[in-house]
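This report goes through a few parts of one structure in turn. Please keep the sequence and the 3D view open while reading.

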Amino acid sequence: MTASISEQIDRIQYLLQDRDAEAFSRNAILVQHQEEITRLSRRQLWGEILWVNALAGTAQYALPTSTVGIRLVLYDEERLDYATEEMLDRLLPGWEGRQDSPRFWTTDAQSPNVIRLVPPPLRDGSAIPLFPGLPMIQDPRDNILIFLYEDRSGYAGDESDAFPLPDIWEDVLAFETAAMMASKESDYQQLPLAMALRELAKVYRQALGIL
Amino acid sequence: MTGSDLLQRIWDHLGGNTLFYGEEEVILNGINPAMRLLCLLKPELLTQRVAVDLLAEQTFINIREHAPRHWILRRVMLGTITGDAPTKTTYGEFVMLPYMSLDQLNARGDWFKQRGPMQGYWRYGRFHMGVYKRPEADRTITLIFRAVPTAFSTNTMDQSPELADVWHPLIGDVGAALLLLKEGNIQIEKARGMLTKAFGKELFGPIKQAVGRQQRTSPVHVRTREEAEVAS
């Protein structure tokens with residue numbers, strides 16, 4: 001049974017001995033819990049595979065704002081290589097004006113969370129679902145598949161949300177959130193508790209291979 | 001032991017203090033994290049299997065959908081081995097699929113295009129995996145993984161933990177230590193000692209000494225300290 005965010009906040013309130021939310025509001029704990037998920041997410045732990053509809057002549061594609069990093073890009077079921085602008089200048093002179101099937105992808109000199117395919121696709125990919133019921137239901141042919149890492153905190157923005165990570169991560173996040181709350185510069189500061197919880201979270205993280 | 005027995009054991013450790021340690025708190029911050037900590041430090045305590053049906057062309061598997069409590073994927077078998085006897089796929093296959101890294105696969109530019117007999121599996125992030133090559137027809141694979149036990153809730157306290165009976169008392173001991181941690185310096189040291197005894201090794205160093213060198217830094221504490229210094 002996966003816990004809800006509400007249960008996580010209950011746990012944290014118990015750890016802080018603050019069930020009546022006198023020291024910290026539930027919303028403050030919720031926000032801190034999200035920040036702790038983001039902190040873990042920046043370690044590129046949560047992979048996601050994103051299907052993007054390729055359009056003829058369109059080079060730039062926006063990714064979700066939760067994107068932390070990009071691992072692989074496939075176009076038409078084949079690998080695209082990463083290249084910086086300097087590499088493209090060397091490998092494909094005049095690359096911005098070329099018309100051919102995509103061979104490279106870059107995030108160099110692009111807005112945040114935008115990737116550019118070089119050269120841009122020559123054909124529109126089909127957006128019609130191909131495989132009903134599969135995790136990825138769209139046609140990868142003539143389209144883009146992006147293996148990215150995402151920040152999962154957006155899935156934990158409301159108390160009614162389910163915990164958005166595998167169950168094993170509940171404890172690390174509860175301990176680290178409570179530690180952050182307990183070490184804040186407030187009248188309710190509890191440094192010994194904060195340090196003990198951080199040590200405990202470290203034991204869990206060590207076992208999970210994340211330090 | 002049932003969940004209720006564990007609850008009672010923890011209450012006994014805590015001096016029968018059911019007022020300050022209510023049932024919900026003992027479950028959320030004692031029993032459940034204790035079970036998970038035991039499994040993290042001794043992964044072989046709980047291994048599970050789940051069969052996953054793949055449709056033709058399907059290559060991606062979200063492990064979290066099929067095994068939300070998994071944390072280490074140990075083996076992947078083509079075929080079904082959830083019961084005593086292995087069941088071959090419709091095409092007579094029953095083989096272990098070796099792990100292949102994404103980098104290794106991606107070295108071949110058209111790896112995703114490959115369709116045919118499965119040769120291995122790959123992982124991506126903490127809960128995605130896929131098979132290589134993409135199956136041309138429906139197949140069943142079995143995932144064998146280390147898991148954490150089903151968490152207790154107030155409605156399921158009549159059930160037993162999924163771990164072997166011999167570990168049940170330890171869940172209570174570790175759970176009591178985790179609950180004591182929030183109580184401050186002396187109890188933190190006591191909890192640390194209980195965890196060391198339970199696991200037979202020190203999980204983390206003394207907190208009390210480190211804390212002793214640190215003063216509270218919140219404005220109210222600084223003001224109180226300075227006022228005391230002036231008064232003296």
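## Two crossing helices in chain A

In this predicted model, the axes of helix 1 of chain A and helix 2 (residues 26–41) of chain A come within 10 Å and cross at roughly 105 degrees. Angles of 65 to 115 degrees count as roughly perpendicular, and helix 1 of chain A and helix 2 of chain A are therefore roughly perpendicular to each other.

Helix 1 of chain A makes this contact through A:I5, A:Q8, A:I9 and A:I12, and helix 2 of chain A through A:R26, A:I29, A:L30 and A:H33. By type, the residues of the contact between helix 1 and helix 2 of chain A are 5 nonpolar, 2 polar and 1 charged.

## Where chain A meets chain B

How many residues does the contact take from chain A and from chain B? There are 43 residues from chain A and 50 residues from chain B. On the side of chain A that touches chain B, at least two residues each come from helix 1 (5–15), strand 1 (47–52), strand 3 (67–75), strand 4 (78–79), strand 8 (144–150) and helix 5 (191–208) of chain A.

Helix 5 of chain A gives the most to this side, with 11 residues. The residues of the side of chain A that touches chain B divide into 26 nonpolar, 5 polar and 12 charged.

## A residue of helix 5

A:L208 is part of helix 5 of chain A. A:L208 has 19 C-beta neighbours inside 10 Å, so A:L208 counts as partly exposed.

In sequence, A:L208 and A:I168 are 40 residues apart. In space, the C-alpha atoms of A:L208 and A:I168 are 8.8 Å apart.

## Helix 6 of chain B

Helix 6 of chain B covers residues 185–199, which is 15 residues. At 1.5 Å a residue, this helix should span 21 Å, and the end C-alpha atoms of helix 6 of chain B are 21 Å apart, which agrees. Just after helix 6 of chain B, B:G200 takes a positive phi of about 75 degrees.

Which residues of helix 6 of chain B are buried? They are B:I188, B:A191, B:R192, B:L195 and B:A198. Seen down the axis of helix 6 of chain B, the buried residues fall within an arc of 130 degrees, so they line one face of the helix. An α-helix has 3.6 residues a turn, so residues three or four places apart point the same way. On the other side of helix 6 of chain B, B:I186 and B:K197 are exposed.

Notes: Residues numbered from 1 in each chain as written. Chains lettered and ligands numbered in written order. Predicted model: local features only at pLDDT ≥ 70, side-chain atom pairs only at ≥ 80, totals over all residues. Helix = DSSP H or I, 4+ residues; strand = E, 2+ residues; numbered from the N terminus. Expected span 1.5 Å × (residues − 1). Buried ≥ 20, exposed ≤ 12 C-beta atoms within 10 Å, placed from the backbone. Arc of directions from axis to C-beta. Contact = placed C-beta atoms within 7 Å. Nonpolar A, V, L, I, M, F, W, Y, C, P; charged D, E, K, R; others polar. Axes fitted to C-alpha atoms, helices over the stretch in contact; angles between N-to-C directions. Parallel < 35°, antiparallel > 145°, perpendicular 65-115°, else oblique.
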